[in-house]
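Visitor: I have a new chain on my screen. Can you walk me through it?

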Amino acid sequence: MCPLPLAVAAVTAPRAPLRLLCRGLAAAMSTARPLKSVDYEVFGKVQGVCFRMYTEDEARKIGVVGWVKNTSKGTVTGQVQGPEEKVNSMKSWLSRVGSPSSRIDRTNFSNEKTISKLEYSNFSIRY
């Protein structure tokens, strides 16, 4: 038996059912992993020590989205969104690590909630 007729059939077959199946799988995957959103404020020596730059870099490494910015109170604030386990990793980093020259006295987290979709496409520094 020659495989050519099968190959031709595969090339000429309509692809819509396959596309619908893939969309269904993507939807199932997104609901299988709950997405979380949390606001944060970091207190301590967190301005003038590249804290925002390191936060952006760590967020991209972990795979979360959101933003970070300095406040007029000398703190750093922002929001993190992503799969729950990744958001938890970022929360830990914001509470304990920070930039090499920073000193984190405390980090407050608020408005933690489950979300149906991400509101941001990347992680950025705001001014």
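**Around strand S3**

Guide: Start here: Tyr40 stands opposite Gly78 in S3. Keep in mind that this is a predicted model, where local features need pLDDT of at least 70, side-chain atom pairs count only at pLDDT 80 or more, and totals for chains, interfaces and linings use all residues. Residues are numbered from 1 along each chain as its sequence is written, and side-chain values use heavy atoms, with hydrogens and water left out.

Visitor: Okay. What does the secondary structure of the chain come to?

Guide: Four helices and five strands. Helices (H or I, at least four residues) and strands (E, at least two) are DSSP runs, numbered from the N terminus. Along the sequence the pattern reads α-α-β-α-β-β-α-β-β.

Visitor: Which way do S1 and S3 pair?

Guide: Strand S1 (residues 35-45) and S3 are antiparallel, with eight bridges. Two strands pair if DSSP finds at least two bridges between them. Val38 stands opposite Val80 in S3.

Visitor: And how many bridges join S2 to S3?

Guide: Six bridges join strand S2 (residues 65-70) to S3, and these two run antiparallel. Val65 has Gln81 in S3 as its bridge partner. The hairpin of S2 and S3 has five residues between the strands, and Gly74 takes a positive phi near 85° there.

Visitor: Is S3 enclosed or open, and why?

Guide: Eight of the eight residues of S3 are buried, so S3 is largely enclosed by the rest of the structure. Buried means under 20% relative accessible area, exposed over 50%, partly exposed in between (1.4 Å probe, protein chains only). S1 is largely enclosed too, because nine of its eleven residues are buried. For the chain, buried residues make up 35% of the 127 residues.

Visitor: Let's zoom in. Where does Thr77 lie?

Guide: Thr77 lies in strand S3 (residues 76-83). Thr77 is buried, at a relative accessible area of 18%. Its side chain reaches the backbone oxygen of Tyr40 at 2.9 Å.

Visitor: What else is Thr77 in contact with?

Guide: Contact means heavy atoms within 4.5 Å. Leaving aside neighbours within four places in sequence, the partners of Thr77 are Tyr40, Glu41, Trp67, Val68, Lys69 and Thr71.

Visitor: New topic: rings. How many aromatic pairs are there?

Guide: The count comes to one aromatic pair. Phe51 and Trp93 form it, and it is tilted: 6.0 Å centre to centre, with 45° between the planes. The pair links distant parts of the chain, with Phe51 in helix H3 (residues 51-62) and Trp93 in helix H4 (residues 84-96), 42 residues apart. As for the rule, rings of Phe, Tyr and Trp (its six-membered ring) pair if their centres lie within 6.5 Å; planes under 30 degrees apart count as stacked, over 60 as edge-to-face and the rest as tilted.

Visitor: Are Phe51 and Trp93 buried or exposed?

Guide: Phe51 counts as buried at 1% relative accessibility. Trp93 counts as buried at 9%.

Visitor: What about charges over rings? Where does Arg106 lie?

Guide: Arg106 lies over the face of Phe43, 3.8 Å from the ring centre. A charge sits over a ring if NZ of Lys or CZ of Arg is within 6 Å of the ring centre and within 35 degrees of the ring normal. Arg106 is also the bridge partner of Phe43, in S4. Ten bridges join S1 to strand S4 (residues 103-115), and these run antiparallel.

Visitor: Which ring does the charged end of Lys91 sit over?

Guide: The ring of Phe109, at 5.1 Å from its centre.

Note on methods: Polar contact = N/O pair within 3.5 Å; in protein donor to acceptor, adjacent residues only side chain to side chain.
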